[in-house]
Amino acid sequence: MEICAFAPLRIIQNLVKSNHLVSGSKIGMITSEGGSIGLRLEAEGGGNYGHHMSKCAQNMMGKILAIDLKPKGIALVSIHPGFLRTEMTAHYAQFYEEFGAILPEEAVVPILTAVANVDINGIPGRFVAPLGSKGLGLGVHALPNSYLEPFGELPW
């Protein structure tokens with residue numbers, strides 16, 4: 001919880017307080033579909049409680065903080081970067097091909113595009129997947145038609 005939810009909150013609050021984030025600023029918060037209650041399926045199994053719970057808390061924090069920042073003219077978007085091929089996901093390597101895992105550097109441009117496209121006049125605190133269905137793992141089957149457009153909004 002400290003790293004995923006409280007630390008980003010404290011950092012952003014201090015950046016606002018010190019006027020480093022002002023009206024017109026945009027925040028892209030990297031989170032995970034792992035914190036989406038709506039994407040959890042029985043077929044995926046349980047476990048990994050700390051990760052899922054902390055990401056769920058981060059997602060909620062991002063939503064509430066976005067609502068609080070909107071009157072200040074600061075936009076925040078929560079971003080699931082995709083299923084990344086990293087040391088942290090190595091125990092899921094058997095699913096890399098099936099679920100379209102990508103290298104972290106391949107996620108950079110879509111992430112930056114999501115931040116660039118966040119609109120202060122839109123819904124505050126959207127939770128988006130710049131790669132769409134690609135990289136949602138088994139959770140993709142919890143979506144209507146098992147599909148999500150690129151930059152589509154994920155369920156909480």
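Trainee: What does the secondary structure of the protein chain come to?

Mentor: It comes to 3 helices and 4 strands. Keep in mind that this is a predicted model. Along the sequence, the pattern reads α-β-α-β-α-β-β.

Trainee: How much of the protein chain counts as buried?

Mentor: Of the 156 residues, 43% do. The accessible surface comes to about 8500 Å². Carbon and sulfur atoms hold 63% of that surface.

Trainee: Why is Ile-27 called buried?

Mentor: Its relative accessible area is 11%. Buried means under 20%. The value falls under the cut-off, so Ile-27 is buried. Ile-27 sits in strand E1, residues 26-30.

Trainee: Which residues does Ile-27 touch, leaving out those up to four places away in sequence?

Mentor: Ile-12, Leu-21, Leu-69, Ile-74, Ala-75, Leu-76 and Val-77. Val-118 is 91 residues from Ile-27 in sequence, yet the C-alpha atoms of the pair are 8.6 Å apart in space.

Trainee: Why does Ser-78 count as buried?

Mentor: Run the test again. The relative accessible area of Ser-78 is 0%. The cut-off is under 20%. Therefore Ser-78 is buried. Ser-78 lies in strand E2, residues 75-79. Beyond four places in sequence, Ser-78 touches Met-29, Thr-31, Gly-62, Arg-126, Phe-127 and Val-128.

Trainee: What share of the contacts with a separation of 6 or more comes from residues 24 or more positions apart?

Mentor: In the protein chain, 68%.

Trainee: Why is Met-1 called partly exposed?

Mentor: Its relative accessibility is 43%. Buried needs under 20%, and exposed needs over 50%. Met-1 falls in between, so it counts as partly exposed. Met-1 is found in the segment before helix H1, residues 2-17.

Trainee: Which residues make the nonpolar surface patch of about 460 Å²?

Mentor: Met-1, Phe-6, Tyr-49 and Met-53 make it. Patch residues need over 30% relative accessible area. Met-1, at 43%, passes that cut-off.

Methods: Residues numbered from 1 in each chain as written. Predicted model: local features only at pLDDT ≥ 70, side-chain atom pairs only at ≥ 80, totals over all residues. Heavy atoms only, no water. Helix = DSSP H or I, 4+ residues; strand = E, 2+ residues; numbered from the N terminus. Buried < 20%, exposed > 50% of the residue type's maximum accessible area, 1.4 Å probe, protein only. Contact = heavy atoms within 4.5 Å. Patch = residues over 30% accessible without salt bridge, like charges linked within 9 Å, V, L, I, M, F, W, Y side chains within 5 Å. Areas by Shrake-Rupley, 256 points an atom, 1.4 Å probe, with all protein chains shown as cover. Salt bridge = Lys/Arg side-chain N within 4 Å of Asp/Glu carboxyl O.
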